[in-house]
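Please look over the sequence and the structure shown here before reading the briefing that follows.

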Amino acid sequence: MMLDFSDLAVVDVHCHPYTRKDRLSADEWVDEVSFGGGSAEYLKAGGIAVDDAALETLQRVKRDTLYFRYMLRRLAEYFQVDATVAAVVEARNRAIADQGYAAYARSLHQAGRIETLIVDDGHPLPPVNLERFRAETGVEIVPIFRIEVLIQQLLDEDSGWAKFQRAYDEGIALALSEGGYKGLKSIIAYRTGLDIDPGSRSSDQGMIALEKIRRARGRGGDAIKNLRDHLFCRAIERCIDFDVPLQVHTGMGDWEVHLAACRPALLMELLRYPAYRACKVLLVHTGYPYQAEAGYIANVLPNIWCDLSEGLPFAGNAGKRIIAEVLEMAPPSRVCYGSDTYGTPEPFYTSALLGKQALAQALQDLIDDRFMTEAEARDIAKMIFSENARELYGI
Ligand SMILES: [Zn+2]
């Protein structure tokens, strides 16, 4: 008897809001739902001509992945059509035309038992209107504030340090006190990396770095890293003040990620700095492919959580292995389901299916190996799919 978690409620601890897309061509749909690689914009930005043959190749690459094959098959079952992109896209377009967009999105979320989406609205930009998104999805939406959006706005202005630091602190405080945001998020792993010295918290570091950046008109060498590291430390301090969690992107992302400096281990020194031990930190993406590091950190440091997003669903069949490796060290009470999905409602649904399948497989192995009973496995699944995230975010 295989474990079955399909009836369990889901809180997706890390994902992104999306705008309404009623009718998509097959190629457009593939661009919306596939992983962030194979982008025509990436080639164009490098001065490479993208002709029809190149676009066709990009489409083929996107449709080739294990992740995409799984998603397509689950959607074909949902719509009861052939497992081809043409048939699935036609079925979703027809369903939206027949039912209306909101009813369609709701039925998919209900089918995955998705109750709550904790969304980082720093992607896509400009930000999606969350009131509209809430109405269209029919689920609870909990927004998280991405500090890099604010940092970019402040860098684009021509202010000195006094004004910059005030605007930064006030922007965060406003988001958390009146903006409805339930926590902060940083993608510093996409920018200058996770090797952040706790000494960066000194305000002098921020001031000197900003002055250098202003003088160099954007080309400040190490200054941009020094400034981002300082602002990251300030974000930790604001999270402690407001008693909200900080999500830190670790591990893989799209092609922009600083792949050599995204390992969770690089954060250790900062996370165990005495003044920062009170901050609740969620290591987003479990640092995949370095998930064992994230699991270990969640074991030895009491205020660290990890989510399973991005490896789940984008690493396809690795889902069960990622979960097994995280659970080697991480207490199950410190692990949350997340997807990092975006674009349209369909991948939110298929990611929840894959997450439940992968966790069932990983926990079944642990039952077989006599680490737990079936009842314990079910309790752990409930914690990972909803209870841990509800406790962490107080929702
Ligand atoms: Zn994300």
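**Overall build**

Of the 395 residues of the protein chain, 45% count as buried, a residue being buried if 20 or more other C-beta atoms, placed from the backbone, lie within 10 Å of its own. This is a predicted model, in which local features need pLDDT of at least 70 and side-chain atom pairs count only at pLDDT 80 or more, while totals for chains, interfaces and linings use all residues. Residues are numbered from 1 along each chain as its sequence is written.

**Secondary structure**

- The protein chain has 18 helices and 9 strands, taken as DSSP runs numbered from the N terminus (helices H or I, at least four residues; strands E, at least two).

- An open sheet with parallel pairing is formed by 8 strands in the order 1-2-3-4-5-6-7-9, where two strands pair if DSSP finds at least two bridges between them.
- Its edge strands, each pairing on one side only, are strand 1 (10–15) and strand 9 (335–336).
- Strand 4 (residues 184–186) pairs with strand 5 (residues 246–249) in the parallel sense over 3 bridges, and Lys185 has Gln247 of strand 5 as its bridge partner.

**A helix pair**

- Helix 17 (residues 345–368) and helix 18 (residues 374–393) have axes that come within 10 Å and cross at roughly 150°, the axes being lines fitted to C-alpha atoms over the stretch in contact, with angles running from 0 to 180 degrees between N-to-C directions.
- The contact is made by Leu359, Leu363 and Ile367 of helix 17 and by Glu374, Ala377, Ile380, Ala381 and Ile384 of helix 18, with contact meaning C-beta atoms, placed from the backbone, within 7 Å.

Key: Contact = placed C-beta atoms within 7 Å. Buried ≥ 20, exposed ≤ 12 C-beta atoms within 10 Å, placed from the backbone.
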